[in-house]
Amino acid sequence: MKKYADLVEATADFMASYTTLEGNRYVLGKGLIPAQECFHQEETFNPTFELTYWRWALETAQQWRERQKLGRKKEWDDVLQKLSPLPQKDGVYLATESAPDSYTNPNWMTDHPAVLGALGVMPQQTGMDSTIMHRTLDLIWEKWNWDHTWGWDFPMTAMTATRLYQPEKAIDALLMPVQKNTYLPNDHNFQDGRLRIYLPGSGGLLAAAALLCAGFDGSIKENPGLPRHWKVKWEGLKKMP
């Protein structure tokens, strides 16, 4: 903790200061590029995935301070208490609050379906409703332009399905038969003729495999991301947060 304390502290100071207080809530943006990079930075604010990991990072930084007997920072707690809620419409989470047409505008149904990472890559956070995320996953599964995605989107989707106890969908995500989900002998995803080297999918696949098998903190099923009738053997894996 001593080795990385300064880095964690400085990162959290930046993340808290980056937010803007508007009325009684803190907002992320405008002027950001979310993980789903198809949005215009000058117009985008409060993307769901980013709001989620902002909360996780600030709370984690507070825990680091507590473990060092330093106490919590009031400025960080103020942001945590007033951070904008996750944007939603019609019972599903939006990609970003600035895009209420997240699932009706074809331009926004390409690139990373990063909203799924808010419960998949990230553990359950304050304000995350798994029922809403379940509906969000079902809608994205049906409507997304999967041919215009990236290699790590498939393990991310599998991780979300696992946290929602949908093992069949988790496996279907990992095995989705589209080019962007192709792995070359060098372990890279084949994205297209322009970009033949793309490694994030490999790391995502390893993380997803661990989650499918070992589960996550609070998971109530053995091998939660694998179909019940599968016979599985694994060792040395630990639960994810």
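Which residues line the largest pocket?

Modeller: Before the answer, note that this is a predicted model, in which local features need pLDDT of at least 70 and side-chain atom pairs count only at pLDDT 80 or more, while totals for chains, interfaces and linings use all residues. Residues are numbered from 1 along each chain as its sequence is written, and side-chain values use heavy atoms, with hydrogens and water left out.

The largest pocket is lined by Tyr165, Pro167, Glu168, Lys221, Glu222, Asn223, Pro224, Leu226, Pro227, Arg228, Trp230 and Val232. On a 1 Å grid over the protein atoms alone, a pocket is an open set of points with protein on both sides within 12 Å along at least five of seven lines, whereas a cavity is a set where a 1.4 Å probe fits but cannot get out; a lining residue has an atom within 4 Å of a point. The space in this pocket comes to about 200 Å³, a volume being the space filled by probe spheres set on the points, which are joined across faces, edges and corners. By class, its lining has 7 nonpolar, 1 polar and 4 charged residues, where Ala, Val, Leu, Ile, Met, Phe, Trp, Tyr, Cys and Pro count as nonpolar, Asp, Glu, Lys and Arg as charged, and the others, Gly among them, as polar.

Pro167 and Glu168 belong to this lining, and helix H6 covers residues 167–174. Helices (H or I, at least four residues) and strands (E, at least two) are DSSP runs, numbered from the N terminus. H6 packs with helix H4 (residues 130–143) at an angle of about 35 degrees, and their axes are 13 Å apart; axes are lines fitted to C-alpha atoms, for helices over the stretch in contact, and angles run from 0 to 180 degrees between N-to-C directions. H4 passes H6 in a left-handed crossing, which is one where the near helix is turned anticlockwise from the far one by less than a right angle. Leu137, Asp138 and Trp141 of H4 meet Lys169, Asp172 and Ala173 of H6, contact meaning heavy atoms within 4.5 Å. That contact has 3 nonpolar, no polar and 3 charged residues.

H4 covers residues 130–143, and Gly91 is in contact with Ile132 and Arg135, leaving aside its neighbours within four places in sequence. Gly91 itself sits in the loop between strand E3 (88–89) and strand E4 (92–93).

Two backbone details complete the picture. Most residues other than glycine have a negative phi, and most peptide bonds are trans. Gly29 and Lys30, however, are joined by a cis peptide bond with omega of about 5 degrees, and Asp111, in the loop between E4 and H4, has a positive phi near 65 degrees.
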